[in-house]
Amino acid sequence: MGRHRRPGADRRSHVGGARGDARRRDHLGRRPRRRARRPHSPAVSGATADALERVADGVLRVPLRTQTLPPFTHTNAFVLASDGVGVVVDPGAGDATAVAALRAALDAADVTAPKGVLLTHTHPDHVGGVDALRSLWPDLQVWAPAAELGRCDSAWGAIGVRHGRRLTLGGAVLTLVGTPGHALDHVAVWWSAHRVLLAGDLVAGAGSIWVGVPDGDVSAYLASLERAAALDPVIVAPAHGPVRRDGATVLHEARRHRLAREASLLEALQDGPARIGALRARLYPDLPEAAFDLAERTLLAHLAKLMRELRVMHVGSDADGPYALA
Ligand SMILES: [Zn+2]
């Protein structure tokens with residue numbers, strides 16, 4: 001179920017993904033045991049509380065409204081908790097509604113004060129709530145991918161993390177998985193006991209993740225998908241779109257989408273050298289002008305990979321090309 005269901009969405013997915021049917025699952029409101037609300041917990045509206053999703057034991061998804069790439073409107077933050085010790089992953093917003101939702105999730109996970117915040121990467125739609133959480137809990141530790149530390153507010157005192165780093169939560173051990181490609185640096189979170197991969201922007205729950213210059217790297221991205229697939233996750237919980245319980249499929253779909261884009265780019269170049277604007281018009285004929293830049297940056301990332309592989313060459317005097325088959 002859920003495989004190969006993107007025929008109409010594929011055209012637009014290159015600029016950040018396609019909206020999928022948000023299949024709703026185990027919501028917290030249906031849990032039989034509900035702890036009494038702590039005095040400090042703000043009132044949470046029914047709509048916000050319903051949005052919390054229990055992904056696995058100790059894994060809560062908290063969709064927060066953010067300024068993100070269309071068609072998405074939210075970033076999924078996650079609360080991970082074990083034995084009353086918890087962390088927040090990718091708090092993308094820090095407005096009152098977002099903070100209330102995160103506090104409700106922490107409360108539901110029996111976490112009085114989170115141990116820290118883990119950022120899969122530092123795009124604004126993933127870090128927007130860090131300041132708000134630090135003002136609530138000044139001792140909060142912030143972890144961010146090592147190569148993106150320079151993009152963190154120095155006031156956060158963020159600690160750089162890399163592939164293989166382990167974080168303990170009570171008796172649970174989480175492993176960080178280096179997954180660059182979408183951003184300059186990126187880590188996913190692997191909770192092996194649950195076979196859950198918090199994927200950040202490695203994949204989207206529906207459609208595809210944007211990979212474009214200057215930070216995007218298609219070779220690294222494909223390698224990251226392979227690295228994630230080797231873990232054989234059952235659940236892939238992305239930062240955008242629904243949680244996927246067909247982990248291998250969503251990783252495979254992302255790889256197939258990238259390779260299909262590369263194949264169509266090579267096919268277009270078979271007609272002769274072309275500038276980036278012409279390639280964009282050919283590969284994305286129905287695109288609104290507002291999305292031209294994102295699409296062209298995607299193609300430039302693909303072209304960079306193909307040039308490294310000596311399959312394409314740049315025969316122009318500027319970055320716009322022309323590009324030709326080597
Ligand atoms: Zn991102």
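The legends below describe close-up views of a predicted model.

Residues are numbered from 1 along each chain as its sequence is written.

View 1. His 121 (NE2), His 123 (ND1), His 182 (NE2) and Asp 201 (OD) coordinate the zinc ion at 2.2 Å. Donors are N, O and S atoms within 2.8 Å of the metal (3.2 Å for Na, K and Ca); water is not among the atoms, so sites may look incomplete. Angles among the 4 donor atoms run from 88 to 176°, and the site is irregular. Four donors count as tetrahedral if all angles lie between 85 and 135 degrees; four count as square planar and six as octahedral if opposite donors are over 155 degrees apart and all others between 65 and 115; anything else is irregular. The donor residues follow the spacing H-x1-H-x58-H-x18-D in sequence. His 123, in the loop between strand 5 (116–118) and helix 3 (124–127), and His 182, in the loop between strand 9 (172–178) and strand 10 (187–191), are 59 residues apart and link distant parts of the chain. Helices (H or I, at least four residues) and strands (E, at least two) are DSSP runs, numbered from the N terminus.

View 2. Is His 182 buried or exposed? His 182 counts as buried because its relative accessibility is 5%. Buried means under 20% relative accessible area, exposed over 50%, and partly exposed in between (1.4 Å probe, protein chains only). The side chain of His 182 makes polar contacts with the side chains of His 121, at 3.4 Å, and Asp 201, at 3.1 Å. A polar contact is a pair of N or O atoms within 3.5 Å; within protein, one must be able to donate a hydrogen and the other to accept it, and residues adjacent in sequence count only if both atoms are side-chain atoms.

View 3. Two strands pair if DSSP finds at least two bridges between them. Strand 8 and strand 9 pair in the antiparallel sense over 4 bridges; Arg 166 has Thr 175 in strand 9 as its bridge partner.

**View 4. The sheet of 7 strands.** The strands of this open sheet are in the order 1-2-3-4-5-6-7, with mixed pairing. Strand 3 (residues 74–82) pairs with strand 4 (residues 85–89) in the antiparallel sense over 5 bridges. Within this pair, Val 79 stands opposite Val 88 in strand 4.

**View 5. Two residues with positive phi.** Asp 90, a residue other than glycine, has a positive phi near 55°. Asp 90 is found in the loop between strand 4 and helix 2 and counts as buried because its relative accessibility is 2%. Leu 310, also not glycine, has a positive phi near 60°. Leu 310 lies in the loop between helix 8 (292–308) and strand 13 (312–318) and counts as exposed because its relative accessibility is 69%.

Note on methods. This is a predicted model: local features need pLDDT of at least 70, side-chain atom pairs count only at pLDDT 80 or more; totals for chains, interfaces and linings use all residues. Side-chain values use heavy atoms; hydrogens and water are left out.
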